[in-house]
Amino acid sequence: MKVVKVETVEEGSELAFKLIKEAISRGAKVFGLATGSTPETFYKKIIASDLDLTDKVSINLDEYVGLGESDAQSYDTFMKEHLFNKKPFAKSYVPNGKASDLEAEAKKYDQTIAENPIDFQILGLGQNGHIGFNEPGSSFEQTTHIVDLTASTIEANSIYFDKKADVPTQAVSMGIHSVMQAKEIVLMAWGDKKADAVSAMVNGPITEELPASILQKHPNVTVIVDKAAAKLL
Ligand code: GLP
């Protein structure tokens, strides 16, 4: 696990942008993407660039159960607004949180990942150490599955909703096993709310109680942290 400390979100996002450009020049075709505030500046840099992604594939990590393309707070909408509308991919996959059979949707998503092995995975980090929506206690062996969100994640994500009661309590998430199959992973974390999780991810024991700690075992991970997120390292 390579840890790079940067001064600002801007500098960290520029580094992540440099890494994705290098991956593309080496032939990367499939990109695992994340939502949340963390990658927003990185996505802005992609939009402002001359990168052409129209022959690439993107696969998002997760979606809230019950939300979809017609909902403002869905991750589908987030990705369109923050990236896809300006930089379309040949094909972009986001789990369907409105599927009538969510188990079947999860299986279908695993099939999509199997057919499109991820070359380059972007990750954010939950305050409790989650990646995607793999909450503490998630098995490292899991593939795409339905998750019950923890109270702390609902609280953290409620800033995107009118009120906490509007935050869905479940999500469909790519599993840790699938994330670990990506050839290269870049995880970004900004701000002191992430400092505990960053410290445990980098220096703590590898444990399902801190899902991101498994990344210590991945052969090609770059963790990019700003000063505040790195303050306990
Ligand atoms: C959400 C998402 C994650 C994201 C994390 C951090 O729950 N499912 O993919 O990395 O929370 O969000 P943020 O980047 O807004 O801090």
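A polar contact here is a pair of N or O atoms within 3.5 Å; within protein, one must be able to donate a hydrogen and the other to accept it, and residues adjacent in sequence count only if both atoms are side-chain atoms. Before you start clicking, note that this is a predicted model, in which local features need pLDDT of at least 70 and side-chain atom pairs count only at pLDDT 80 or more, while totals for chains, interfaces and linings use all residues. Residues are numbered from 1 along each chain as its sequence is written, and side-chain values use heavy atoms, with hydrogens and water left out.

**Stop one: the ligand**

A polar side-chain atom of Thr 38 sits 2.4 Å from a ligand oxygen. Asp 62 has a side-chain N or O atom 2.8 Å from a nitrogen atom of the ligand. For Asn 157, a side-chain N or O atom lies 3.1 Å from an oxygen atom of the ligand.

**Stop two: the pockets**

Rolling a probe the size of a water molecule over the atoms shows where empty space is left. A pocket is found on a 1 Å grid over the protein atoms alone, as an open set of points where a 1.4 Å probe fits, with protein on both sides within 12 Å along at least five of seven lines; lining residues have an atom within 4 Å of a point. Volume is the space filled by probe spheres set on the points, which are joined across faces, edges and corners.

The largest pocket holds about 750 Å³ of space. Its lining has 34 residues, and those closest to the centre are Gly 36, Ser 37, Asn 157, Tyr 160 and Lys 194. Colour β4, α3 and α5 next: these elements give two or more residues to the lining. (Helices, H or I of at least four residues, and strands, E of at least two, are DSSP runs numbered from the N terminus.)

Move on to the second largest pocket, with a volume of about 300 Å³. Of its 17 lining residues, Asp 76, Tyr 93, Val 94, Pro 95 and Asn 96 are closest to the centre. The largest share of this lining, four residues, comes from α4.

Select residues 75-84, helix α3, where seven of the 10 residues are buried (under 20% relative accessible area; exposed is over 50%, partly exposed in between; 1.4 Å probe, protein chains only). Buried residues of α3 include Tyr 75, Phe 78 and Phe 84. Among the elements covering them are β2 (30-33), α2 (40-48) and α5 (151-157).

Then pick helix α7 (residues 195-203), whose buried residues include Ala 195, Val 198 and Met 201. The buried residues of α7 pack against β1 (2-6), β9 (184-189) and β10 (221-226).

**Stop four: two single residues**

Find Gln 121 in strand β6 (residues 120-123). Is Gln 121 buried or exposed? Gln 121 counts as buried because its relative accessibility is 0%. Beyond residues up to four places away in sequence, its contacts (heavy atoms within 4.5 Å) include Gly 32, Leu 61, Met 174 and Ile 185.

Finish at Glu 11, in helix α1 (residues 9-25). Glu 11 is partly exposed, at 38% relative accessible area. Its C-alpha atom is 8.6 Å from that of Asp 226, 215 residues apart along the chain.
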